[in-house]
Amino acid sequence: METLAPTNFPYLITRACTALPHTSAFHAMPDGFLRIVLRIVQKIDLKSPYTGIFASRATIAEESGKSIDSVHRAVKWLEGNGFIERERRAFFGNRGSTSPITPTRSFLLALNLVDQEGKPIASAQDRTGHPLRTKQVEPPKSQSSTAESTKAGRSAFVKVGNALLPKELAWLCEKGVSAFGVLALMRAAKDAQQRLSDIMLTARKYVEELPAREIFAYIRKLIGSGRDFGYSARKSEEIEKTTKISEFLANKLEAMEGRHYIGRKNNRAFCVEGGVLYEVQPNGTRLVHIISEAFVEAIHDGRIVPKRDTE
């Protein structure tokens, strides 16, 4: 069939159509409906996305290269899954009727055409749907904020094709997942109130062993498992942090072997012998202390200093 629809679409519509096959909300959609649904998406008014689409089933069928019966089934599937609403409207004088296809909030949210409050994202776009070009004003830098801005800013992302991905997720593209596939997984994880980074932190060693064709489906299954990967990620980070601190303190304790220290203000005396930190009492008895970050910081700050006279 000859296509009547235009081939150039606004950026947001093109992005939505590209990501749609990889979006978890449409995983249950029959493959035969894809071209039909894409034609419907391409008819959404970005400025007023909740406006009904009045294209006839015959027009959608011709544009998608599908039969009218297939269009009816696809529309029914969309309606049954809460993605569209159909309200039959009678023409003036009762001369026939029409049932426009009205996108729902869940449909537009899954397509990333509205924000979490249901407001059109196109309000931040130009008339063609491309993001408005604005001059970025860099905030004044200070010594205290430079490290944080470097860690949380542009250096935390890498560009893969036309997509900007977090560094910790870019390896998925090397395993065969497309950049838009990673973005779709990120949205699915967000819908499940999870972070894809947390999921990958916990499950990366299992994912890396899978063939490329199975990775997307496996991660999608993890997202829908209901498991709190955020908790697992936090525990992993806590364990890693605790391990690093323990190694740091053990190295410090080894370096302090045989040394004596005294508090600058309170004259509390300490010594390290046999890999153990002791507090030496005025009567000569020793109390075992567990070395801590606070003790090391007190030495660095000069609140506890080396004692030269060990007597």
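Biologist: What should I know about the numbering and the model before I start?

Modeller: Residues are numbered from 1 along each chain as its sequence is written, and side-chain values use heavy atoms, with hydrogens and water left out. This is a predicted model, where local features need pLDDT of at least 70, side-chain atom pairs count only at pLDDT 80 or more, and totals for chains, interfaces and linings use all residues.

Biologist: How many cavities of 30 Å³ or more does the search find?

Modeller: Rolling a probe the size of a water molecule over the atoms shows where empty space is left. A cavity is a set of points on a 1 Å grid over the protein atoms alone where a 1.4 Å probe fits but cannot get out. Points are joined across faces, edges and corners, and the volume is the space filled by probe spheres set on them. Here the search of the whole structure finds one cavity of 30 Å³ or more. The volume of the largest cavity is about 50 Å³.

Biologist: Which residues line the largest cavity?

Modeller: Lining residues have an atom within 4 Å of a point. They are Arg15, Ala16, Ala19, Leu20, Thr23, Ala110, Leu111, Asn112 and Arg187. Helix H1 (residues 11-19) gives the most, three residues. Helices are DSSP runs (H or I, at least four residues), numbered from the N terminus. By class, the lining has five nonpolar, two polar and two charged residues. Ala, Val, Leu, Ile, Met, Phe, Trp, Tyr, Cys and Pro count as nonpolar, Asp, Glu, Lys and Arg as charged, and the others, Gly among them, as polar.

Biologist: At what angle do H2 and H4 pack?

Modeller: Two packed helices are described by the angle between their axes and the distance between the axes. Axes are lines fitted to C-alpha atoms over the stretch in contact, and angles run from 0 to 180 degrees between N-to-C directions. H2 (residues 34-41) and H4 (residues 68-80) pack at about 70 degrees, axes 9 Å apart. So H2 is roughly perpendicular to H4 (65 to 115 degrees). Ile36, Val37 and Ile40 of H2 make the contact with Ser70, Val71, Ala74, Val75 and Leu78 of H4. Contact means heavy atoms within 4.5 Å. Seven of these residues are nonpolar, one is polar and none is charged.

Biologist: How do the axes of H3 and H4 cross?

Modeller: The axes of H3 (residues 57-64) and H4 cross at roughly 105 degrees and come within 8 Å. That makes H3 roughly perpendicular to H4. This contact has six nonpolar, one polar and one charged residues.

Biologist: What about H9 and H10?

Modeller: H9 (residues 196-207) and H10 (residues 212-223) have axes that cross at roughly 130 degrees and come within 11 Å.

Key:
1 Å grid on protein atoms, 1.4 Å probe; cavity = no way out; pocket = protein on both sides within 12 Å on 5 of 7 lines; lining within 4 Å. Helix = DSSP H or I, 4+ residues; strand = E, 2+ residues; numbered from the N terminus. Parallel < 35°, antiparallel > 145°, perpendicular 65-115°, else oblique.
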